[in-house]
Amino acid sequence: MLMLALRMLRHRIGSAVATLVALTCGVMILMSMGVMVESGMRFTPEPQRYGAADILVADRDMTIETTEFGETSTVTVDLPAGGSVPVTLAERIGQLPGVAVAAADRSIQAVVPIDETAQGALGHGWSSAALTPYRIVDGDQPDTTDEVAVDVRLASAAGGQLRPGDQVPVLAAGSVQQYRISGIVDRTAAGDQPPALFFTDDHAAALSGSPDRAGLIGIVLAAGADPAAVTAEVDRLAAESGATVHTGTERAGLEQSEALMAADMLIQLGSVLGGYVAGLVMFVVAGTIGLAVRHRRRDLALLRAVAATPGQVRLLVVAEVAQLAIVAVVLGIPAGLWATDWVHRQLMDRGFIPHGFPFDGGVLTAVAVSVATVVVAVSAALIAARRTVRIRPTEALGEIAVEPARSSVLRLVAGLIALGGGVTLTMFTTALRGQAGLSAALGMLFVFVLAAALLAPWINRYAAQLLGPVLRAVWGDSGYLAAANLRANAQGMATVLTALVLSVGFGGSIWFLQDNLDRQAIAQTRDGTLAQHTLMSAVGLPASAAADARELPGVVAATPIRRTSVILPVMGGAEPFGAQAIDPDGADRTMDLSVTDGSLADLRGDTVALSNLQAATLGADLGDQVEIWLGDGTPVTLRLVAIYERGLAFGDVTLNRETVDGHTPTNLDDEVLIRTEPGNAEAVAGLAGLVERYPGSGLIDTGAVGAQLATDLALSAWMNKLVIGVMVGYAALAAANTMIMAALTRSRELALLRLVGVTTRQVKRMVHAEQVGLLGTSLLIGGAIATVTLVSVVRMMTGQLVPYVPPLGWISIIGGTTLLALVTTIAPISALLRTPPVNSIGVKE
Amino acid sequence: MTVRVGQTADPAVRVIQLARTYGSGPQAVTALGGVDADFHRGTFTAVMGPSGSGKSTLLQTAAGLDRPSSGQVWIGDQELSRLSETKLTKLRRSRIGFVFQAFNLIGALTVEENIHLPLRLSGVRPDAAWLRQVVERVGLADRLHHRPAELSGGQQQRVAIARALAMRPEVIFCDEPTGALDTQTAADVLALLRSVVDDAQQTVIMVTHDPVAASYADRVMVLADGRIVRDMPQPGAEQIAEQLAWLGRRQLVTQES
């Protein structure tokens with residue numbers, strides 16, 4: 001049977017190649033995505049900063065109860081600001097038996113100016129030194145408030161100028177102070193953590209702005225202590241404060257590291273988009289195989305007539321497909337690994353993941369992908385063969401190519417349900433941002449395309465009827481034949497139509513969605529920023545910076561902004577959202593949020609302003625009380641005083657600085673927007689002086705900020721565009737495949753036409769007309785689906801009714817699809833037309 | 001009326017009240033309207049009749065390629081109408097040979113593989129001596145490794161006959177086997193069929209519209225409108241032609257009146 005399968009495959013090389021191409025590319029794509037996800041999941045870094053700490057105690061997430069549809073459920077949300085634990089807990093843990101060190105660890109952003117450069121560093125209390133561990137290599141530990149122990153990396157960066165006893169300026173907590181270097185420290189392990197500065201514990205507490213609380217507590221066990229017992233005790237104490245204990249591999253997750261964020265991003269990308277990619281691949285593979293089996297009806301009918309039982313025919317079909325699947329796996333996996341390599345390098349070059357991030361694993365993925373591909377291919381073959389094995393052997397005797405019976409009612413009903421589902425989804429897509437928004441749009445698109453796929457035979461039939469007069473008018477007799485063909489081949493062309501609709505739908509919607517959102521964000525930023533200058537600092541600006549700015553001559557208004565996060569209830573759970581905390585005094589002169597209801601001036605006390613999108617999601621009207629959580633998990637109830645439109649640029653939530661005071665890691669502002677009288681030279685000079693007064697800060701033109709934003713958005717869009725591009729490419733490949741396959745089976749039909757009296761030229765025109773009909777229908781339907789998806793998502797997110805589609809976009813979609821359809825059909829047909837019709841008439845398809 | 005010709009024994013093929021209707025409702029077409037016939041072993045029967053008389057339908061239902069609407073078909077001691085598709089195929093494969101008018105062969109396989117196909121599919125080990133004999137008989141010993149596309153129509157028909165013979169079936173059905181052939185090749189094919197009946201005691205049932213082809217048979221059965229109208233031992237080609245012409249005139253008269 002296998003031999004027979006192989007022989008028959010070689011004979012029908014056309015459809016075999018088509019199936020093989022579809023399978024191989026599918027394997028390649030799935031392999032790439034799979035390795036990315038596997039690498040992300042396998043990434044278990046060793047903790048660098050907390051290498052010596054056996055146990056870590058932190059409060060990184062928050063559990064809330066939500067009531068949705070009458071059911072209460074608990075949801076755990078990661079705190080965006082990291083949460084904190086009371087310092088007293090460290091003291092109590094320190095008294096437990098078996099604990100050598102219990103240190104309350106704080107991280108303070110600091111800058112050390114060395115020569116002309118500013119070196120970034122992290123400041124800690126001295127007790128944290130034991131956690132890495134850092135050991136003294138020269139000098140002594142800091143004992144007084146104005147002493148600091150310096151990382152050997154900083155000392156060597158200064159070219160040996162920093163030695164115990166020297167003075168060094170350190171910029172931290174918004175101000176510069178001179179410190180005496182008490183000693184030099186070094187750590188034993190390597191890593192990419194920033195260099196460290198160690199103050200006394202008390203001084204570090206004072207610098208941090210919240211002396212009672214620390215980011216986490218690190219515990220080093222005494223020699224000979226029982227880890228399990230101590231952990232249990234620590235757990236008991238920690239639970240009283242609502243904190244959790246982390247040991248082993250969990251510890252690395254508490255460190256801020258680029259690599260961890262990269263791993264998270266990979267897993268997210270893989271899981272969100274990977275599902276859709278997998279679905280697409282299965283869809284295309286099933287369609288291609290189904291079509292290939294359909295074209296072999298007569299062959300299989302003859303086998304049935306000669307000697308093969310229905311079971312044997314099924315086995316034959318499965319054996320063929322299984323052989324192709326195995327070849328596809330053998331070819332596709334190395335290709336996939338090569339593609340992954342390329343993606344790996346691209347991601348590193350573009351800064352999505354840090355250099356040296358390992359992409360390993362792959363064996364597990366390879367096995368999973370192989371199994372999945374073979375299973376899908378064989379299932380598709382079985383489903384396609386199911387129809388075929390029921391044909392009577394006498395069909396083999398028939399002279400004409402047989403079109404199987406009409407599609408079942410089941411398919412029609414399923415298609416209509418899918419259509420209804422898509423429409424419902426359009427109406428109920430809720431406010432989802434970023435990755436979630438993209439995946440919602442993809443979901444809507446898929447449902448619509450599924451509906452089109454199920455309803456394809458009916459679409460073809462009715463389109464043929466409608467297009468009939470048009471084709472006849474333009475192409476004359478050729479058009480008449482073309483219309484008849486389209487109507488008669490409605491069933492067979494279903495797969496082609498679906499593949500084309502898929503390509504157009506994808507290309508037209510998701511590709512431009514990203515662009516639209518980015519353009520909106522940039523436009524909103526540009527239009528909404530009335531200030532010409534921004535004062536920014538790497539270490540934060542104290543409140544005095546804004547006050548000083550306001551007193552400068554020629555300054556119209558200055559608004560300090562602190563960027564933070566809040567947690568909002570979303571659909572039965574809670575998600576962190578970006579927020580800005582501002583001083584509302586004069587804010588309407590530096591930023592125009594396009595406020596539609598209420599006024600920013602009312603933003604005092606326990607109040608909040610929301611973007612219209614968020615207000616709609618929370619169902620809040622002006623004057624309502626809104627319950628949210630701040631970045632550290634503190635629940636607050638705020639009164640809604642303003643609703644604005646420019647949420648993409650300025651964040652969904654705008655708070656008063658007073659509300660978040662004490663709840664952010666530092667009490668410093670991130671930037672100050674400054675608006676000056678235009679053309680006032682004094683003001684510019686004054687601003688320069690301001691910069692000097694706050695070392696480590698810089699003055700930036702707001703126009704430049706906008707440009708940077710555009711660059712950043714383009715960068716992050718690259719990733720999404722890559723995935724979408726691959727999906728569109730694969731769908732287009734499927735369309736090309738099926739069209740070539742369909743064209744090659746028509747040799748006998750074309751020969752018959754030519755013998756009856758149709759000239760070669762008329763046959764070519766007939767094929768043109770058919771393609772135009774098919775193309776027109778798929779462009780129309782694909783375009784409609786793309787438009788609905790794009791418009792609804794863009795309107796949901798930005799309020800714009802007409803999405804932006806660059807003219808090049810229109811042209812490339814229509815042009816690309818046209819080119820695809822023409823090349824994949826005209827070329828094979830021309831080849832077929834070269835053989836004299838008398839020779840082809842005797843050959844079965 | 002039935003005629004016993006040749007060796008007496010239980011018939012190789014027997015149909016009892018065989019009927020076949022296509023479609024339903026007012027557009028139903030009755031291809032066969034209750035046919036009774038016995039075909040004995042070692043006989044060569046020609047089934048004739050004008051187009052639409054149901055001769056191809058009779059052949060296909062008798063050979064198990066199609067299911068009758070009512071009636072019974074017996075191949076030897078096995079009744080066909082109750083069998084499942086799989087069992088039916090297995091029976092067909094081992095006991096019935098079928099030669100179509102055209103498109104008999106699998107294009108992907110060589111002549112030799114086409115001939116071996118039923119054997120391979122049923123998992124039976126081929127009898128090399130018998131197969132050599134069969135190939136000699138059809139005269140294709142030098143074309144064994146060619147593909148059907150490289151053969152002429154007559155050669156393709158001969159391959160089909162060889163395939164039908166390979167399994168040593170009890171009965172061979174042929175549907176217009178010489179319809180697409182020139183007179184010389186047709187004569188060769190018919191002579192082959194005749195020799196197989198004479199030398200190997202095969203039973204051959206052939207549908208044809210050509211009186212010359214029918215003259216090779218022992219018995220001629222004429223159908224019209226789904227029923228048997230004449231069943232006679234070999235009368236000679238001219239008589240057959242006369243019969244058919246009379247039949248055609250009768251139909252014309254019936255139409256005019």
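Colleague: Hi! How much space lies in the largest cavity?
Modeller: Hello! About 160 Å³ of space lies in the largest cavity. Keep in mind as we talk that this is a predicted model.

Colleague: How does anyone find where empty space is left?
Modeller: The idea is to roll a probe the size of a water molecule over the atoms, and this shows where empty space is left.

Colleague: Nice. Back to the largest cavity: which residues lie nearest its centre?
Modeller: Those are A:Ala305, A:Val306, B:Ile96, B:Gly97 and B:Phe98, out of 14 residues that line the largest cavity. As for elements giving two or more residues to that lining, chain A has α8 (297-306), while chain B has α2 (85-95), β6 (96-99) and α5 (153-166).

Colleague: Which element gives the most to that lining?
Modeller: That would be β6(B), with three residues in the lining of the largest cavity.

Colleague: And how do the lining residues divide into nonpolar, polar and charged?
Modeller: Ten are nonpolar, one is polar and three are charged.

Colleague: OK, switching to helices. At roughly what angle do α2 (residues 13-42) and α7 (residues 258-294) of chain A cross?
Modeller: Their axes cross at roughly 165 degrees and come within 9 Å. Therefore α2(A) and α7(A) are roughly antiparallel to each other.

Colleague: Is that crossing left-handed or right-handed?
Modeller: α2(A) passes α7(A) in a left-handed crossing. By class, their contact has 20 nonpolar and eight polar residues, with no charged residues.

Colleague: What about helices α14 and α24 of chain A, how do their axes cross?
Modeller: For α14 (residues 494-528) and α24 (residues 807-833) of chain A, the axes come within 11 Å and cross at roughly 165 degrees. That makes α14(A) roughly antiparallel to α24(A). The crossing in which α14(A) passes α24(A) is right-handed.

Colleague: I'd like to find that contact in the structure. Which residues make it?
Modeller: On α14(A), look for A:Leu500, A:Val504, A:Gly507, A:Gly508 and A:Phe512. On α24(A), look for A:Gly809, A:Ile813, A:Thr817 and A:Leu820. The contact of α14(A) with α24(A) has five nonpolar, four polar and no charged residues.

Colleague: One more pair: how far apart are the axes of α9 and α21 of chain A?
Modeller: The axes of α9 (residues 310-349) and α21 (residues 702-744) of chain A are 11 Å apart, and these helices pack at an angle of about 160 degrees. So α9(A) and α21(A) are roughly antiparallel to each other, and their crossing is right-handed.

Colleague: And which residues make the contact there?
Modeller: α9(A) brings A:Trp342, A:Val343, A:Gln346 and A:Leu347, and α21(A) brings A:Trp718, A:Met719 and A:Leu722. Six residues of the contact of α9(A) with α21(A) are nonpolar, one is polar and none is charged.

Colleague: Now the backbone. Which residues does a cis peptide bond join?
Modeller: A cis peptide bond joins A:Thr132 and A:Pro133, with omega about -5 degrees. A:Pro133 sits in the loop between β7 (117-125) and β8 (134-139) of chain A.

Colleague: Why point it out?
Modeller: Because most peptide bonds are trans. Likewise, most residues other than glycine have a negative phi.

Colleague: Which residue other than glycine has a positive value of phi?
Modeller: A:Ser594 is one, with phi near 60 degrees. You can find A:Ser594 in the loop between α16 (587-590) and β19 (595-598) of chain A.

Conventions: Residues numbered from 1 in each chain as written. Chains lettered and ligands numbered in written order. Predicted model: local features only at pLDDT ≥ 70, side-chain atom pairs only at ≥ 80, totals over all residues. Heavy atoms only, no water. 1 Å grid on protein atoms, 1.4 Å probe; cavity = no way out; pocket = protein on both sides within 12 Å on 5 of 7 lines; lining within 4 Å. Points joined across faces, edges and corners; volume = space filled by probe spheres on them. Helix = DSSP H or I, 4+ residues; strand = E, 2+ residues; numbered from the N terminus. Nonpolar A, V, L, I, M, F, W, Y, C, P; charged D, E, K, R; others polar. Axes fitted to C-alpha atoms, helices over the stretch in contact; angles between N-to-C directions. Parallel < 35°, antiparallel > 145°, perpendicular 65-115°, else oblique. Left-handed = near helix turned anticlockwise from the far one by under 90°. Contact = heavy atoms within 4.5 Å.
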